[in-house]
Amino acid sequence: MALRYLGGSYKVGQAAVKGSKAAAVPAGKYIADVATNYQPQFGNLGASAALSPNVFILICMLSTAYMAHFNAPKFFIELKDNTIKRYNTVVGTSFGISIFLFALIGALGFLTFGSASSGLILNNYAATDGLMSLSRFAVTISIIFSFPLVFVGARDGWLDLLKVPMEKRTDSVLTKTTVAILSGITLIATQLKELAFIMSFAGATLGNALIYVYPALMFRAAVKKMGDKASKGLKREVPFAMFSALLGVGMGAIGTKMAFGLL
């Protein structure tokens, strides 16, 4: 993406304006092979565009970063010499690298295509672009091998909701559950084409719930259970926690409305 942006391979050509000192801008190498709706589009609002309600779509997408936290205990248990200090190092390093990569990719995608950026940015690149075709292949491999990590948590969550005891979770039950959930996911995937909607809707609902709502409710319940043993400081934190939950509900509601606008 950096090579294509810096090399100008997807620039829209502009003819020289008569009487202007501005020179003509040649079209990028691959721009002719890009569908019209995916070609670069830039406005003139500048930073003020961040004040648009559409920013909630981005916020909700970012919320999905915290939706795999159900794997945290498993990673802690499997970590060699699993002390809290070593675990914090693992979490801090992995999140730092992830944040850097996602910010870089997001910036390069927007700088190249502007408001025409697709929810799956690879859609914007020409099919004739060999380097980006290689990127598509790499993303495919990444999804194939990372999907099971998320899916196992989803499957176990459904079994927990259905109150299936551990001793009854035989290979047969797990296989049938896997087939059923995968069939449902595949059916939905054949109908939903806009990845931006999926990401923003999931972030607005599940993401906001995991970040703002559930922790606040759990904290309030824990303080209530402590009774008189709870310190004054903990009791004073409860209203702030509940405010955080209400904030999450509000952002989730706005984000959900904006997400449906993408369809």
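L3, L131, L134, F137, I141, I144 and F145 make a nonpolar surface patch of about 740 Å². The structure is a predicted model, in which local features need pLDDT of at least 70 and side-chain atom pairs count only at pLDDT 80 or more, while totals for chains, interfaces and linings use all residues. Residues are numbered from 1 along each chain as its sequence is written, and side-chain values use heavy atoms, without hydrogens and water.

**Surface patch**
- Patches consist of residues with over 30% relative accessible area and no salt bridge, nonpolar side chains being joined within 5 Å; areas come from the Shrake-Rupley method with a 1.4 Å probe.
- Helix α5 (residues 130-161) gives the most to this patch, with six residues; helices are DSSP runs (H or I) of at least four residues.
- F137 lies in helix α5.

**Salt bridges**
- The structure holds three salt bridges, each a side-chain nitrogen of Lys or Arg within 4 Å of a carboxyl oxygen of Asp or Glu.
- R4 forms a salt bridge with D129, with the closest N and O atoms 2.8 Å apart.
- Because R4 lies in helix α1 (residues 2-7) and D129 in the loop between α4 (84-113) and α5, the pair ties together parts that are 125 residues apart in sequence.

**Helix packing**
- Helix α2 (residues 55-63) packs against helix α7 (residues 195-226) at an angle of about 65°, with axes 6 Å apart; axes are lines fitted to C-alpha atoms over the stretch in contact, and angles between N-to-C directions run from 0 to 180 degrees.
- Residues in the contact (heavy atoms within 4.5 Å) include I57 and M61 of α2 and M199 and I211 of α7.

Key: Helix = DSSP H or I, 4+ residues; strand = E, 2+ residues; numbered from the N terminus. Patch = residues over 30% accessible without salt bridge, like charges linked within 9 Å, V, L, I, M, F, W, Y side chains within 5 Å.
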